[in-house]
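Student: Hey, can we go through this one together? I'd like to take it bit by bit.

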Amino acid sequence: MRKKKNIMVDMTCSILHHGHIRLLKKASKIGRVIVALTNDNDIKKYKKFKSPLNFQQRKEILQSIKYVTKVVKSKFLITDKFLKSNKIDYLVHGSDNKNTVNPKYLKTFNRTKKVSSTVLRKKLKNYF
């Protein structure tokens, strides 16, 4: 029997949307999905905003998704060392990937058109 691959999907998940779900679903077809969830400090440092949901809240949401096996805390940028320490076979990311992992461990998928957390945050500002 062949062992299932460990697939990491790195996310900030400040606002969960259908693009995230589609990426998790695609990743689950490759193997067990482990989400590397960005810690609160790195969101402020790299994304320049404070998430409306803290790490524990974002983790709870992701753990409830059927495609997700496990959620681990991570830095904003994933490294080969982080993949190795978590026994990851592949890192799955949208086409906006900024990680500098060895390309042999990276699988990228096209982003869902016209959706991102940034776009949704801008739209939300118009409602309030």
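Student: What lies 3.0 Å from the backbone nitrogen of Gly-19?
Tutor: A polar atom of the His-17 side chain does. That pair is a polar contact: N or O atoms within 3.5 Å, where, within protein, one must be able to donate a hydrogen and the other to accept it, and residues adjacent in sequence count only if both atoms are side-chain atoms. Keep in mind that this is a predicted model: local features need pLDDT of at least 70, side-chain atom pairs count only at pLDDT 80 or more, and totals for chains, interfaces and linings use all residues. Residues are numbered from 1 along each chain as its sequence is written, and side-chain values use heavy atoms, with hydrogens and water left out.

Student: Where is His-17, then?
Tutor: In the loop between S1 and H1. Helices (H or I, at least four residues) and strands (E, at least two) are DSSP runs, numbered from the N terminus.

Student: And is His-17 buried or exposed?
Tutor: His-17 counts as buried, because its relative accessibility is 11%. Buried means under 20% relative accessible area, exposed over 50%, and partly exposed in between (1.4 Å probe, protein chains only).

Student: How much of the protein is buried?
Tutor: Buried residues make up 41% of its 128 residues.

Student: Ok, new topic. How many helices and strands are there?
Tutor: Five helices and five strands. Starting at the N terminus, the order is β-α-β-α-α-β-α-β-β-α.

Student: What order do the strands take in the sheet?
Tutor: S3-S2-S1-S4-S5, in an open sheet with parallel pairing. S3 and S5 (106–109) are at the edges with a single partner strand each, so one side of each has no neighbour in the sheet. From one strand to the next, the twist averages 30°; axes there are lines fitted to C-alpha atoms, for helices over the stretch in contact, and angles run from 0 to 180 degrees between N-to-C directions.

Student: How many bridges join S2 to S3?
Tutor: Six, and the two strands run parallel. Two strands pair if DSSP finds at least two bridges between them. As an example, Leu-37 has Lys-73 in S3 as its bridge partner.

Student: What about S4?
Tutor: S4 (residues 90–94) is mostly covered, with four of its five residues buried. Three bridges join S4 to S1 in parallel, and Val-92 of S4 is the bridge partner of Val-9. On to S5: S4 pairs with S5 over four bridges, again in the parallel sense, and Leu-91 has Leu-106 in S5 as its bridge partner.

Student: Helices now. Which residues of H3 are buried?
Tutor: Phe-55, Arg-58 and Leu-62, in a helix that covers residues 55–63. Seen down the axis of H3, they fall within an arc of 70°, so they line one face of the helix. The arc is that of the directions from the helix axis to the C-beta atoms.

Student: Which exposed residues does the face turned away carry?
Tutor: Gln-56 and Glu-60.

Student: What do the buried ones pack against?
Tutor: Strands S1 (5–11), S2 (31–38) and S3 (68–74), plus helices H1 (18–28) and H2 (40–47). Contact here means heavy atoms within 4.5 Å.

Student: What happens at the start of H3?
Tutor: A side-chain oxygen of Asn-54 comes to within 3.0 Å of the backbone nitrogen of Gln-56.

Student: Last one: which residue caps the N-terminal end of H2?
Tutor: Asn-39, with a side-chain oxygen 3.1 Å from the backbone nitrogen of Asn-41. After H2 comes Lys-48, whose phi is positive, near 65°.
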